[in-house]
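The following note concerns the packing of helices and aromatic side chains. Please read it alongside the model.

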Amino acid sequence: MGKNFETLILFGATGDLAHRMLFPSLYNLDKDGLLGDEFTILGSGRTVFDDDAFRAAIDAQLQKFLPEGHYDAVAAKNFLERVDYVALDMDADAGFTALKDKLGARADRPLGVYLSTPPSLFGPIIEGLKTAGLACRECRVALEKPIGHDLASSHEVNDIVG
């Protein structure tokens, strides 16, 4: 059995799904003590942010989308210390090099990858990860549905990911 991943790369980290569902869910897991001490999140999107600006944006979204009474400023601060960000242009290999550079030593360990992006970006992201040396047997990839627009395109996406 493979080793659990310590880093989650979240593509589409500036999108609506990430703001409404993914970051609040990860915050709640952290608040409940269910994320390992070494667990980190590397958000990626097209919008240019530095780490602090991205964390501030996520903090504002947590306050907006968590149910009333669930936001805790101290818990949010602790959670956001786990979060880094890198802007990524899907059409440029340099973006995936920047992503690998941002990961540092974490790039040598199994990664979790969540694609909260349109299906048309699944293939380019997977190919970019592969080209940057970030695809490994122990790495795990989760795709946000829909996976393709028909059976043939879903098979195509599955083949690329595989």
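Predicted model: local features only at pLDDT ≥ 70, side-chain atom pairs only at ≥ 80, totals over all residues.

Are H1 and H3 roughly parallel or roughly perpendicular to each other?

1. H1 and H3 are roughly perpendicular (65 to 115 degrees). Their axes, lines fitted to C-alpha atoms over the stretch in contact with angles from 0 to 180 degrees between N-to-C directions, come within 10 Å and cross at roughly 105°.

2. Residues are numbered from 1 along each chain as its sequence is written, and side-chain values use heavy atoms, without hydrogens and water.

3. In the contact (heavy atoms within 4.5 Å), H1 supplies Phe23, Leu26, Tyr27, Asp30 and Lys31, and H3 supplies Ala75, Ala76, Asn78 and Phe79. Beyond four places in sequence, Phe79 touches residues including Ile41 and Leu62.

4. Eight aromatic pairs are found in the whole structure (ring centres within 6.5 Å, with the six-membered ring taken for Trp; planes under 30 degrees apart are stacked, over 60 edge-to-face, the rest tilted). Phe23 and Phe54 are edge-to-face, with centres 5.9 Å apart and planes at 70°. This pair joins helix H1 to helix H2 across 31 residues.

5. Tyr27 and Tyr71 are stacked, with centres 6.5 Å apart and planes at 15°. Tyr71 lies in the loop between H2 and H3, 44 residues from Tyr27. Phe23, Phe49, Phe54 and Tyr85 form one aromatic cluster.

How values were computed. Helix = DSSP H or I, 4+ residues; strand = E, 2+ residues; numbered from the N terminus. Parallel < 35°, antiparallel > 145°, perpendicular 65-115°, else oblique.
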